[in-house]
Amino acid sequence: MKLALSVFKECISTVFDAAEQLLILDLEDGAEPRRYTAKFNGKDPASRTNDLKDRGIDVLICGAISRPMERSITSRGITVHSFVRGPVEEVLAAYLGNRLGLAVFSLPGCRGRDLERSSCPGRRWRRGQGRGMGCRMGPSQSGG
Amino acid sequence: MKAGKSAPPGSFSGAGGQNIILDSIADGVFTVDRNWRITSFNRAAEAITGVSRGEAVGQLCKDVLKADICEKNCCLRTTMKTGVPIINKKVRIIDAQGRKFPVSISTALLRDDRGKLLGAVETFRDMSVEEDLRKAVLSKYSFEDILSKNHRLLKLFDILPDVAAGGSTVLIEGESGTGKELFARAIHNLSPRKKQPFVAVNCGALPDTLLESELFGYKAGAFTDAKKDKPGRFRLAENGTLFLDEIGELTAAMQVKLLRVLQEKTYEPLGATKSVEHHVRIIAATNRNLGELVRQGSFREDLYYRINVFKIVLPPLRERMEDLPLLVDHFIRRFNTLQKKDIGAMSAEAMSVLMDYVWPGNIRELANVIERAFILCKNGLIEKRHLPESLLTENREHAVNKAASLGDAQAAFLTDALRENAWNRPQTARKLGIHKSTLYRRIKALGIVTPDR
C-alpha cells in the first residue's frame with residue numbers, strides 16, 4: 001500500500017491545492033517503509049490526480065483541499081484524509097495508530113470532517129481543543 | 001495601527017469596544033502576535049473562513065486562513081519583515097467546507113502607543129461574487145462554479161474528471177435552463193485542451209446552408225459574396241472543443257454531413273477541393289430525448305451512437321430542489337453586487353413559494369425571478385409579494401391527487417403539511433400529533449425535499 005503525505009518542510013502542507021511536495025511511503029508486508037519524495041507536475045485537479053495515480057498512491061493525507069480537487073482524487077479510487085495538520089512524523093504515527101481523527105490533527109473549523117472518517121477514536125474530543133501539533137512559524141514558515 | 005492601553009468609560013477604545021467596532025466591519029479582520037498566533041478574529045472573518053472565533057484565537061493564522069500563499073509568500077510575514085503594508089493582494093483561500101474562493105487581503109503592523117511592535121493585522125474581503133461575474137463575462141467556468149448537493153450531480157462530479165481527461169465525444173441532455181453549456185465549458189476547462197479554444201454553435205438557430213458554412217467555413221469564390229476564405233467553427237476550435245448545442249434540431253441532410261465529419265475526422269469547407277483533417281473534441285447538447293427521436297425516426301441512429309459515447313443527463317431543477325436555497329443565495333449575492341443593493345435573503349414564506357413551483361424554465365427561470373424581485377424589493381428580505389403572480393396563482397395539481405402509490409400520497413400529504421407550517425418541522429409534527437423524530441424519519445424515508453438553509 002502506498003501512502004502519500006503532502007508536505008512543506010517537516011509539516012503537512014496547509015493547502016494541498018498549492019502544495020508542491022509529496023512524501024511517499026511504501027508500506028509493504030510490515031517491512032520498514034521505503035520513503036521518498038516527489039514533486040507535482042501541475043496544479044489543476046486532473047494533473048494532480050494523474051500524478052498520484054501514476055505513482056500508485058492508495059491513500060493521501062493532506063491539509064485543506066478544495067472540493068473539486070478532492071472529488072477528482074477520490075473518483076480515481078484514492079482515499080483522502082483531508083484538512084489534517086501537524087508535523088509529518090506525528091501525523092504518520094497517528095495514521096498508523098488509527099488516531100488521525102483526534103482534534104489536534106484537524107485544521108481549525110474542520111473538526112466535523114473527522115467524524116466522517118471511517119475510524120475516529122477522537123470523536124469524544126471537542127471542537128477547538130488544542131493548538132495543533134507544534135508546526136510553529138519558524139523563519140522559513142510564515143503565517144496567513 | 002496602534003493599540004491603546006486603557007479606555008475612557010463609554011468609549012469604544014477598550015477591548016470590548018474594539019470588538020464591537022471590529023464586528024461591525026464587513027471585511028474579515030484578524031490580528032496576530034509576533035508568533036503568528038491569532039489574537040483577535042472578527043465576525044466577518046468567522047463568516048468568510050467558516051472558523052469560529054473560539055476556534056481561531058490562539059491558532060496559527062495559516063491554519064485558520066488556509067490561503068495558497070501562506071507557506072511561501074505570506075503577506076503578514078512580508079509586512080512584519082519590511083514594515084510596509086500590503087494593500088488588496090488577491091489570494092485564494094479554502095474554507096472549512098472545501099470551497100475555494102478569492103479574497104483580497106491587506107496587512108499592516110500593529111504597534112502599541114509607545115511604538116513597540118505587537119504583531120500585525122490582516123483584513124480580507126470575499127471576492128467570490130466579483131470573480132463569478134468576471135467568469136460570467138468571460139465564460140471561464142469550471143466545476144467549482146457548479147453549485148449542487150444533489151446526489152445525482154455529486155455522482156456526476158465524481159466521474160467528470162475522467163470524462164474530461166479523455167477525448168471522447170460527450171452528449172449532454174437536459175431541459176432548457178439546466179446549465180448544459182456550463183457543464184460543457186467545465187468539461188473543456190478540466191481537459192488537457194483547456195488552453196485551446198472552446199467554440200459554441202447553436203445548431204437550431206441557423207438554416208442548413210448557413211450552418212454548413214458556419215461549421216466548415218468556405219473558400220473564396222464558393223458563392224457570389226464569398227470574397228475571401230472564411231474559417232468555420234471546426235477550424236476555430238482546432239485542438240479544442242466544439243460545443244454543438246440543440247443538436248436534436250439538425251435536419252436530416254446536416255445529420256448526414258456531421259456523421260461523415262465525425263467518422264472520418266475530416267471536413268470540406270464550401271468550395272474546397274480537398275478535405276481538411278480536424279482534431280476537435282465534440283460536446284453535443286440537446287433539450288430533447290435523442291433516443292426517443294431515434295425511435296421516431298427523426299434523428300439518425302448512426303449519428304446518435306456516434307455522439308452518444310458518454311451521455312450526461314442533467315436533472316431539471318424540480319428534481320434537485322435541495323439545491324434551490326443554494327442557488328437562491330448565489331443569485332442574491334450576484335444581483336446585490338451587480339445592482340449595488342443589500343438584499344439579505346429570501347423570506348421563509350417566499351422560499352416556500354419557490355419550493356412549491358415546478359420551474360419549467362429551470363435555473364434560468366429562477367435567476368429571472370430573483371432579478372425581477374430585486375426590482376421590487378429595495379432592501380431587507382425578498383417577500384412573497386416580490387414574486388411574480390404566475391408563481392403564486394399557478395393551478396398546481398396537488399401531488400396527492402395524482403399519487404401513483406401509497407408512498408407518493410404520504411409524501412404529498414407531508415409536503416403539504418410542512419408547507420402550511422412554513423417548513424417548520426417541530427411545528428408540523430405538533431400539528432400532526434406525531435413525534436418530531438417520527439416526522440424526520442418519514443421525511444428522510446420518503447425523500448421529501450425541504451428548503452433547509
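## Report on a predicted two-chain model

Chain A contains four helices and six strands. This description rests on a predicted model. Read from the N terminus, the elements of chain A follow the order β-β-β-β-α-β-α-β-α-α. Of its 144 residues, 44% count as buried. Among contacts in chain A between residues at least 6 apart in sequence, 45% join residues at least 24 apart.

**Confidence**

For the complex, the predictor gives an ipTM of 0.81 and a pTM of 0.60. The values for each chain are set out below.

| Chain | Mean pLDDT | Residues at 70 or more |
|---|---|---|
| Chain A | 79 | 75% |
| Chain B | 84 | 89% |

Within chain A, confidence is lowest in helix H4 (residues 111–116), with a mean of 51, and highest in strand S5 (residues 59–61), at 96. The pLDDT is below 50 over residues 114–129 of chain A, a stretch that has 26 contacts in the model beyond near neighbours in sequence. Residues 137–144 of chain A also stay under 50, and for them the model has 30 contacts beyond four places in sequence. Within chain B, the lowest confidence falls in strand S1 (residues 2–3), at a mean of 48, and the highest in S14(B), at 95. Over residues 397–403 of chain B the pLDDT is below 50, with twelve contacts in the model beyond near neighbours in sequence. Where pLDDT is low, the predicted coordinates should not be read in detail.

**The interface between the chains**

The two chains meet through 41 residues of chain B, which are in contact with 32 residues of chain A. On the side of chain B that touches chain A, helix H3 (53–56), helix H4 (61–65), helix H5 (75–82) and helix H7 (151–165) of chain B each supply at least two residues. H7(B) provides the largest share, seven residues. By residue class, this side of chain B divides into 21 nonpolar, seven polar and 13 charged residues.

In soluble globular proteins, nonpolar side chains tend to be buried together. The largest nonpolar core of this model has 65 residues, of which A:Leu5, A:Ile12, A:Val15, A:Val84, A:Val91 and B:Cys61 touch the most other members. Strand S1 (residues 2–8) of chain A contributes the largest share of this core, five residues. Leaving aside residues up to four places away in sequence, A:Val15 touches A:Gly63 and A:Ala64, together with B:Lys66, B:Ala67, B:Asp68, B:Cys70 and B:Ile94. Another core lies apart from the largest one and has 39 residues, among them B:Leu171, B:Leu215, B:Ile247 and B:Ile312.

**A parallel sheet in chain B**

Chain B holds an open sheet of five strands in the order S8-S11-S14-S7-S15, with parallel pairing. Its edge strands are S8 (198–202) and S15 (310–313) of chain B, each of which pairs on one side only. From one strand to the next, the twist averages 20°. Inside the sheet, strand S7 (residues 170–173) and strand S14 (residues 281–286) of chain B pair in the parallel sense over four bridges. In this pairing B:Ile172 stands opposite B:Ala285 of S14(B). Helix H8 (residues 180–190) of chain B packs on the sheet and touches S7, S8, strand S11 (241–245), S14 and S15 of chain B. The direction of H8(B) makes about 165° with that of S11(B).

**Individual residues of chain B**

Most residues other than glycine have a negative phi, and most peptide bonds are trans. B:Asn239, although not a glycine, has a positive phi of about 70°. B:Asn239 counts as partly exposed because 13 other C-beta atoms lie within 10 Å. B:Glu246 is partly exposed because it has 18 C-beta neighbours inside 10 Å.

B:Gly380 belongs to strand S17 (residues 380–382) of chain B. With 11 other C-beta atoms within 10 Å, B:Gly380 is exposed.

Definitions and conventions:
Residues are numbered from 1 along each chain as its sequence is written. Chains are lettered from A and ligands numbered from 1 in the order in which they are written. This is a predicted model: local features need pLDDT of at least 70, side-chain atom pairs count only at pLDDT 80 or more; totals for chains, interfaces and linings use all residues. Two residues are in contact if their C-beta atoms, placed from the backbone, lie within 7 Å. Ala, Val, Leu, Ile, Met, Phe, Trp, Tyr, Cys and Pro count as nonpolar, Asp, Glu, Lys and Arg as charged, and the others, Gly among them, as polar. Two strands pair if DSSP finds at least two bridges between them. Axes are lines fitted to C-alpha atoms, for helices over the stretch in contact, and angles run from 0 to 180 degrees between N-to-C directions. pLDDT is the predictor's confidence in each residue, from 0 to 100. A residue is buried if 20 or more other C-beta atoms lie within 10 Å of its own, exposed if 12 or fewer, and partly exposed in between; C-beta atoms are placed from the backbone. A nonpolar core is a set of buried Ala, Val, Leu, Ile, Met, Phe, Trp, Tyr and Cys residues joined through C-beta atoms within 7 Å.
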